[in-house]
Amino acid sequence: MKTPVMMIINPAAGRGGYKKELPEALKLLSDGGYAPSVFFTERRGHATELAAEYGGSFEKLIVLGGDGTLAEAIAGLMTMERRPQIGYIPIGTANDIARTVGLTKNDILGGARRFLDGEAKVFDTGRRDGGYFNYVAAFGAFTEVSYGTPQEFKRALGEAAYLIGAAASLTKLKSRHVRVEHDGGEIEGEFLYGGVSNAYSVGGVIDLPRDEIGLSDGLHELILVRKLPSAAALASLAAKVLSHDYSSPYIVLLHTKRARFIFDEPETWSFDGEDGGAYSEISFENCPRAVELIC
């Protein structure tokens, strides 16, 4: 008797190339002893609803989509005590989770084989006011690039769409006055960017120092970028970050289980690359070893 497995597919993710390989991938899963039940998302947030309603009936769940789809599915699973193991077949644009755990994106057949042969590893996830986030919650510079880039541009240009959007956003950089409470104390000042994350890659462009990050250590990375005195200083800092050098007085990088951000006025946040709304105050907490991802 074959083992039932739930599969959530986001038909809008990536460039739609999954359609060609999906039948063969389903056959691979069937030949490997699984009976897939396929669910297609129809709108934003639908993966959360599907995972919460049906995920408890399966031992394993496969997500075929981008980081946002995976984050939605995990948010649905966080409503239950016993959660199925997750196989992730990344077909989005940035795919920070794929970069973090070493998955090949836009390879449907390879993803199906990895699900059959891979090993489940535990990862932390995050709780926020009003819900959950999977790998990054951020405000400020460049955070609007992911959710603000039109879907047709993402499909046509791939990661280049993000780079074009990031370059355009340079002209709109502004600092925010914020007070940040964390496990070790409090930081206050003017910041261009801030957030908490549990990933090696953020935005499909920036790679964080892997030797300083544990993906299942019960801690998030708190990252803050201070206001810079000039455009030249910004260019210099950008060059250092792109070369994986974070030794700058303008960058705060520390580890914390909890963080609370307090602004003078409502600030827009991005959760896992999606528009999350505006908040004057918002709190985050690490959920240690909350999910098992097959990789």
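How many bridges join E1 to strand E3 (residues 60-65)? In this predicted model, four bridges join the two strands, which run parallel, and within that pairing Ile 8 stands opposite Val 63 in E3. Strand E1, which covers residues 3-9, has another partner in strand E2 (residues 34-40), to which seven bridges join it, again in a parallel arrangement; there the bridge partner of Thr 3 is Tyr 34 of E2. Strand E1 is mostly covered, with five of its seven residues buried.

Burial is also a feature of helix H3, which spans residues 67-77 and has eleven of its eleven residues buried, so the helix is largely enclosed by the rest of the structure. Among the buried residues of H3 are Asp 67 and Glu 72, together with Leu 70, Ile 74 and Leu 77. The C-alpha atom of Gly 126 is separated by 5.8 Å from that of Glu 285, although the two residues are 159 residues apart along the chain.

The charged side chains can be followed next, and the count of salt bridges in the model comes to eleven. One of these salt bridges joins Asp 31 and Lys 27, with an N to O distance of 2.8 Å, and both residues lie in helix H1 (residues 18-31), four residues apart, or about one turn of the helix. Residues three or four places apart in an α-helix point the same way, because the helix has 3.6 residues a turn. Asp 31 is exposed, with a relative accessible area of 56%.

Arg 176 forms a salt bridge with Glu 267, the closest N and O atoms being 3.1 Å apart, and this pair links distant parts of the chain, since Arg 176 belongs to strand E8 (residues 176-182) and Glu 267 to strand E14, 91 residues apart. Both Arg 176 and Glu 267 are buried. By contrast, Arg 179 is partly exposed at 26% relative accessible area, as is Glu 181 at 25%, and these two form a salt bridge whose closest N and O atoms are 3.7 Å apart. Arg 179 and Glu 181 are also linked with Glu 186, Arg 260 and Glu 281 in a network of salt bridges.

On the surface, Glu 188, Glu 190, Asp 264 and Glu 265 gather in a patch of negative charge, to which strand E9 (185-197) and strand E14 (258-271) each give two or more residues. Glu 190, which has its place in strand E9, counts as partly exposed at 34% relative accessibility.

Note on methods: Residues are numbered from 1 along each chain as its sequence is written. This is a predicted model: local features need pLDDT of at least 70, side-chain atom pairs count only at pLDDT 80 or more; totals for chains, interfaces and linings use all residues. Side-chain values use heavy atoms; hydrogens and water are left out. Patches are made of residues with over 30% relative accessible area and no salt bridge: like charges are joined within 9 Å, nonpolar side chains (Val, Leu, Ile, Met, Phe, Trp, Tyr) within 5 Å. Accessible areas come from the Shrake-Rupley method with a 1.4 Å probe; for residues, only the protein chains shown count as cover. A salt bridge is a side-chain nitrogen of Lys or Arg within 4 Å of a carboxyl oxygen of Asp or Glu. Lys and Arg count as positive and Asp and Glu as negative; His and the chain ends are not counted. The place of a charge is taken as NZ of Lys, CZ of Arg, CG of Asp or CD of Glu. Buried means under 20% relative accessible area, exposed over 50%, partly exposed in between (1.4 Å probe, protein chains only). Two strands pair if DSSP finds at least two bridges between them.
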